[in-house]
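Good morning, and thank you for coming. I would like to walk you through one chain, a few elements at a time. Please keep the structure in view as I speak.

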Amino acid sequence: MTDNAPVLEQATCFADLHLAPEILAAIDAMGYAQPTPIQSQAIPLMLAGRDLLAQAQTGTGKTAAFALPLLHRLRGFANTSTSPARHPVRALVLAPTRELAIQVHDSIVSYSTQLPLKSTVVYGGAGMKEQTVALRGGVEIVVATPGRLLDHAEGKVVNLSQVQFLVLDEADRMLDMGFLPDLKRILALLPTTRQTVLFSATFSDDILRLSGQFLHDPQRVEVARRNTAAENVEQVAYRVAGADKLDALLRIVKARALTQAIVFTRTKVSADTLGRQLQKRGVSAAIIHGDKMQIERIAALDGFKKGEVQLLVATDIAARGLDIVELPAVFNYELPYHAEDYVHRIGRTGRAGASGLAVSLIGPDEERLLAGVERFINRPLTILDLPDTAPRPQMSTPAPRAPVSTPASVEPVKPAVRDVAVDVAVESVQAISQPDAAPNLAYQRGQKQAVCALFRPLPETTP
Ligand code: AMP
């Protein structure tokens, strides 16, 4: 399958990699001056037809590392015919999440502007119709999440029998997300003679097993040390009680003058709660997690990418693959249960050589998770004291109410507790006004009691 002689020494410019002029022109238009280390290593091997087991840190340019040689090797099939038969699927890229699939496809489109190769992206949570039309029209390259691709394959919308190139992107994540059975079913639909490349930010025994099963004599490429996070990311942590995390977050954002950050929570509920609390404080915040509709997720991400949203509150679904140029910081509002996810989260900052900041807020109940992270990345996080800056909301907020004297018998309530009270109140009002959303009367009663209990000691009168 040799197409071009491999360039074994480290290439310092793209021309050294012997990529087609159309591809070099596209790279030039992207403003890439020289290949990143993963690109220098992976591109010659892929051009030489080798299977690849590649470990690269997030943000190292790994998408181009597989997309450029893929396009180079497909360029002989480029044609402008309108007949679907002239555009069989020749390359398949599988990605774990819709966001990553969309992003990879966008990159492929940018890199192939000068080549008449057709591509599309298919993922779950969106209508089948448009995807079906695109697939039926014929495409050389399909980027897909596994489940939705199987839906199309089973509906005979897509034929995978001519696939020559298979890319498994973020393969470790696909395994974590339970895609192994789907992957096996997809692999059974592909020709056995093909080139397969597997990219993974971290290598586990499961990944090595997968590669042993589906890759042929793979060449191993490693640009990051095992399980390390990006070197150019400053990793700091603050010990903060759970109830004080919101204030701590806002203080750090202000003290470090952060224009944007992704704030990671462990659960969808925490993401929703934190997002609402930030919005209530006047911060432009958007929320992205797996229960959000696709259209909401795209809107949140778009707003963030355009700089309209300052803080993107996200669960780990957003930890992989999202590429936001020069994202200055990532917060671990809650540490992840899997230390590996820490590496993925903080890979969102300090991308492609820029410096980044990763801040972890460690609650008293998260010491064990912190120890796990430190063990995993093989270094301690720098523990800092909170900056001494009072958080200031970004947008106009109601003028503070005049304090009234606190009766001796009433304990003042922390602002964070008040936030919880307001949250519960909002949810209660919603539940009562939309009985379908919370049909359980006991639940509503419980919420009302919680609201009463929380509001009772407020040391302020209503204006
Ligand atoms: P990735 O790791 O594929 O998500 O890429 C991370 C970011 O690096 C993306 O914004 C790419 O556009 C960018 N990138 C990829 N290759 C290069 C390169 N050779 N020079 C500069 N930026 C690059």
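Let us begin with a pair of helices. In this predicted model, helix 2, residues 37-47, and helix 3, residues 62-74, have axes that come within 9 Å and cross at roughly 25°. Angles under 35 degrees count as roughly parallel, and helix 2 and helix 3 are therefore roughly parallel to each other. The crossing of helix 2 past helix 3 is right-handed. On the side of helix 2, the contact is formed by Ile38, Gln39, Ala42, Ile43, Met46 and Leu47. Helix 3 contributes Lys62, Ala64, Ala65, Phe66, Leu68, Pro69, His72 and Arg73. Sorted by class, the residues of this contact are 10 nonpolar, 2 polar and 2 charged.

The axes of helix 13, residues 339-346, and helix 14, residues 367-377, come within 8 Å, and they cross at roughly 70°. That angle makes helix 13 roughly perpendicular to helix 14. Ala339, Glu340, Tyr342 and Val343 of helix 13 meet Gly372, Val373, Arg375, Phe376 and Ile377 of helix 14. In this contact of helix 13 with helix 14 there are 6 nonpolar, 1 polar and 2 charged residues.

In what order do the strands of the open sheet of 7 lie? The order is 3-4-2-5-6-1-7, and the pairing is parallel. Strand 3 (119-122) and strand 7 (219-222) stand at the edges with a single partner strand each, so one side of each has no neighbour in the sheet. From one strand to the next, the twist averages 15°.

Within this part of the chain, strand 1, residues 52-55, pairs with strand 6, residues 195-200, in the parallel sense over 4 bridges. Leu52, for instance, has Val197 in strand 6 as its bridge partner. Helix 6, residues 146-154, lies across strand 2 (91-94), strand 3 and strand 4 (141-144), and it runs at about 110° to strand 3.

Next, a single residue. Is Asp169 buried or exposed? Asp169 has 26 other C-beta atoms within 10 Å, and the threshold for a buried residue is 20 or more, so Asp169 is buried. Its place is in the loop between strand 5 (165-168) and helix 7 (171-176). Leaving aside neighbours within four places in sequence, Asp169 is in contact with Val93, Leu94, Ala95, Leu100, Val104 and Phe199. The C-alpha atoms of Asp169 and Leu198 are separated by 6.2 Å, although these residues are 29 apart along the chain.

Strand 11, residues 311-314, deserves a moment as well. Leu311 and Val313 point one way from this strand, Leu312 and Ala314 point the other way, and all are buried. Strand 9, residues 261-264, runs parallel to strand 11 and is joined to it by 4 bridges. Strand 10, residues 285-288, is likewise parallel to strand 11, with 4 bridges between them. Leu312 of strand 11 is the bridge partner of Ile262 and also that of Ala286.

Let me finish with the whole chain. Its secondary structure comes to 16 helices and 14 strands. Of its 463 residues, 42% count as buried. Among contacts between residues at least 6 apart in sequence, 77% join residues at least 24 apart. Thank you for your attention.

How values were computed. Residues are numbered from 1 along each chain as its sequence is written. This is a predicted model: local features need pLDDT of at least 70, side-chain atom pairs count only at pLDDT 80 or more; totals for chains, interfaces and linings use all residues. Two strands pair if DSSP finds at least two bridges between them. Helices (H or I, at least four residues) and strands (E, at least two) are DSSP runs, numbered from the N terminus. Axes are lines fitted to C-alpha atoms, for helices over the stretch in contact, and angles run from 0 to 180 degrees between N-to-C directions. Two residues are in contact if their C-beta atoms, placed from the backbone, lie within 7 Å. Angles under 35 degrees count as roughly parallel, over 145 as roughly antiparallel, 65 to 115 as roughly perpendicular and the rest as oblique. A crossing is left-handed if the near helix is turned anticlockwise from the far one by less than a right angle, and right-handed if clockwise. Ala, Val, Leu, Ile, Met, Phe, Trp, Tyr, Cys and Pro count as nonpolar, Asp, Glu, Lys and Arg as charged, and the others, Gly among them, as polar. A residue is buried if 20 or more other C-beta atoms lie within 10 Å of its own, exposed if 12 or fewer, and partly exposed in between; C-beta atoms are placed from the backbone.
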